[in-house]
Amino acid sequence: MSQDSPKRWIAVVGNPNAGKSTLFNALTGLRQRVGNYPGVTVEKHTGTAFTLHGEAVELIDLPGMYSMAARSPDEEIAVKVLRGESVGLPKPDAVLCVVDASNLERNLFLVTQVMELGLPVLVALNMVDVAEARGIRLHPDQLSEKLGVAFIPTQAHRGKGLVELRAALGQGLLKPGPRQWTMPPPLAVAVGQIASAWRQSEPSELRAEGKALELLAGSDVGPDGARKLATAWRERFRKEAYDWSASVVHARYEYVRKMLGEAGIGSGKLGGTWTDWIDAVVLHPVAGWAVLVGMMLTLFVSIFSIAAYPMGWIDGAFTWLGGAIQNALPTGMLRDLLIDGILAGVGGVIIFLPQILILFFFLGLLEDSGYLARAAFLLDRVMHRVGLSGKSFIPLLSSYACAIPGIMATRTVEDPKDRLTTILVAPLMSCSARIPVYTTLLAAAVPVALFPVWGKAAAMLGLYVLGTGTAFVLAWLFRKKLLGGGSPPLILELPPYRMPSFQTVSLRMWERAIIFLRRAGTVILALSIVLWFLSSFPNTSNDPTEKLAGSFAGQMGHGLEPILRPLGFDWRIGIGLVASLAAREVFVSTMSIVYHVGGEEEGLVTAMRSATWPNGALIYTPLTCLALLVFYVYALQCLSTVAVAKRETGGWKWPIFMLLYMTGLAYLAAWLVQGVGRALGFS
Amino acid sequence: MPDLKADQDFVRTCKSVATRQSFSVETSQNHLGAASLDLTQVSSGDEVRVRHLACSPTTCQRLREMGFCENALVTKIRGGADLVCWVCGTRVALSARLAKQILVEHVDGKS
């Protein structure tokens with residue numbers, strides 16, 4: 001290939017969960033997220049792959065789609081790229097269709113549509129091992145011969161078939177395939193007329209017909225004559241009650257079924273598989289819920305029991321480091337900054353890394369096993385009552401990890417009002433950044449001796465249930481009262497279960513660890529230094545408490561105290577609340593700086609438990625801790641979430657609404673907890 | 001304006017194609033017959049043939065694209081508030097209110 005030849009762009013398309021991203025990763029060496037549920041990829045990603053002859057080609061990994069008629073934002077992204085309408089990306093030179101070999105009928109339906117783009121097409125017959133295990137005999141050569149495009153058998157997760165695929169991707173080897181399915185007579189007349197109006201600018205008959213179908217489907221891209229004809233034909237079909245789009249789907253499926261039958265390829269047997277046996281339990285109306293609650297409880301018990309060991313090691317390491325700095329440096333500003341600022345702030349947050357990794361380990365298992373779609377199915381009834389469909393539950397469940405990918409995952413939700421509602425309530429699902437806050441406050445609320453691991457796990461589960469329950473109630477309010485309209489029905493593919501990949505799960509944990517540590521080393525480090533400065537200057541006293549009270553941060557906290565006093569929060573908590581506006585976990589690092597406890601978790605809890613009001617009463621009573629916990633369940637203390645909500649909703653209106661309602665709700669709920677608790681005689 | 005030989009020819013062509021493919025050109029009562037029932041009324045484990053989709057055009061189209069097109073064979077795996085079906089080699093979950101809009105007939109003719 002010539003050095004001057006422009007790089008070829010190849011779009012990777014296919015049904016959801018066909019293994020596109022796994023194949024993309026295998027070909028490019030990149031690490032796009034993969035999982036065993038429809039809708040893992042909601043954004044386009046590019047990467048360089050090499051053909052067997054060394055030619056570099058740019059692959060575009062696209063979200064999954066069932067047809068070229070996009071019905072959700074993620075499908076729109078894919079269709080725009082394929083049509084060359086995506087900003088910042090050239091029109092693809094070829095298409096790599098990834099099809100699930102165990103489900104050829106529906107996957108090839110999409111291939112027949114993609115072929116009408118008039119681009120060279122290569123089909124990766126992926127997951128051939130799954131198909132063969134189900135008794136499906138594949139005949140790639142016959143498929144290639146009948147459809148007119150090359151079929152390459154692959155097992156992307158095992159790296160099989162990649163050499164053949166790289167060879168087939170070589171320049172000049174790929175050709176557009178002909179249209180094989182027969183258009184029904186009334187439609188054929190319409191498409192013929194519209195396509196002839198295209199023909200002047202589009203010499204390819206196949207592409208002209210494909211564009212004619214797009215125009216009939218409502219596209220407005222094309223010459224005036226063709227658009228007018230399409231409008232007239234649509235009107236004609238409507239008058240005659242002829243459902244032309246249904247007839248196209250039917251004709252494509254008829255062709256695919258006939259072709260598969262002629263090639264001797266069946267659709268496999270149903271029943272008697274692991275998936276059927278597991279589904280009999282996890283989809284059961286009673287046992288299914290028991291499994292779901294049991295899994296959540298196991299998660300939270302693990303967060304407190306297993307994580308305790310590595311947390312102890314990290315705690316010990318920071319204590320040693322603090323001691324070493326104390327011994328090595330003379331008393332002064334630098335030592336204060338290192339111990340009371342950086343070590344307290346960064347160390348106070350890093351200690352929670354094991355708990356966050358355990359959360360991601362469990363979520364990884366759920367995603368990679370295929371259970372996530374079942375959870376959505378189980379919750380559809382609840383979701384329907386609040387005006388959403390079970391499909392919205394997948395983004396909400398993803399928000400347990402982080403609201404940002406959760407909000408992005410709403411792109412798979414087809415109904416715009418459903419999607420907006422899901423975005424608005426997603427930050428109420430307790431994310432991993434809340435874990436440090438919850439753990440610290442639960443420890444401060446109840447002495448360790450009185451609070452066994454099971455108790456902590458149950459309390460943690462309660463906080464998650466509180467956030468989730470409130471999200472459902474507010475979803476009902478927003479969907480039914482604010483946005484209006486009914487909830488869409490659930491249509492969701494349930495993938496077969498598979499053994500979670502150790503590599504996929506550990507990779508996800510590793511990526512999260514890197515994100516967490518990077519955040520600790522940048523945002524939290526910077527905020528810790530700023531906060532140390534604000535809490536150390538002006539230096540008005542040698543007494544640490546008086547020094548903090550007279551500092552800039554102390555003055556700000558005192559200024560806020562009148563607003564926070566009804567909630568039972570003092571000025572020091574006020575500093576923590578303001579500092580954690582950027583990110584929730586900053587509350588813990590701020591408290592560590594405020595109470596001068598270095599990076600030790602136990603030190604912070606002890607300091608909080610002994611903190612008093614000027615009259616000597618304890619500040620962190622169980623009631624105040626509960627109010628603070630409730631505040632953090634509801635408050636939107638995350639600027640990144642606001643930014644991604646702005647991007648996904650296309651303006652500031654809804655992110656501002658989200659910020660206001662969540663802050664108001666947090667304040668009101670904390671005030672109610674404090675008020676009702678006191679009225680009932682608690683302190 | 002589209003130019004077919006005559007309006008009557010066009011109407012006849014449309015109807016013949018649609019009838020052959022079991023589409024809803026005529027009312028559902030006309031071409032479904034008494035044996036049709038909706039998907040919620042089918043017992044788990046039964047294989048049925050889709051006869052008619054009675055939902056909104058958008059939902060109908062999505063159902064068809066996912067394999068629930070007219071004449072397709074569907075096996076109901078699990079019933080209840082929501083149900084799971086086997087269609088085109090995959091398990092698809094449907095809400096009961098959507099399943100009520102999928103009219104089917106037993107493959108062996110039993111009602």
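This is a predicted model: local features need pLDDT of at least 70, side-chain atom pairs count only at pLDDT 80 or more; totals for chains, interfaces and linings use all residues.
Trainee: Over how many bridges do strand 7 of chain A and strand 5 of chain B pair?

Mentor: Strands are DSSP runs of E with at least two residues and helices are runs of H or I with at least four, both numbered from the N terminus. Two strands pair if DSSP finds at least two bridges between them. Strand 7 (residues 491–494) of chain A runs antiparallel to strand 5 of chain B, and the number of bridges is four.

Trainee: Which element of chain B supplies the largest share of the side that touches chain A?

Mentor: Residues are in contact if their C-beta atoms, placed from the backbone, lie within 7 Å. The contact takes 43 residues from chain A and 42 from chain B. Several elements of chain B each supply at least two residues, including helix 1 (7–20) and strand 3 (73–78). The largest share is eight residues, and these come from helix 3 of chain B.

Trainee: Which strands of the six-stranded sheet in chain A stand at the edges, and why is one side of each without a neighbour?

Mentor: The sheet is open and mixed, in the order 2-3-1-4-5-6. Each edge strand has a single partner strand, so one side is left without a neighbour in the sheet. The edge strands are strand 2 (45–50) and strand 6 (150–153).

Trainee: What percentage of the residues in chain A is buried?

Mentor: A residue is buried if 20 or more other C-beta atoms lie within 10 Å of its own, exposed if 12 or fewer, and partly exposed in between, with C-beta atoms placed from the backbone. Chain A has 30 helices and seven strands, and its C-alpha atoms fill a box of roughly 90 × 55 × 55 Å along the principal axes. Of its 683 residues, the buried share is 53%.

Technical notes:
Residues are numbered from 1 along each chain as its sequence is written. Chains are lettered from A and ligands numbered from 1 in the order in which they are written. Two residues are in contact if their C-beta atoms, placed from the backbone, lie within 7 Å.
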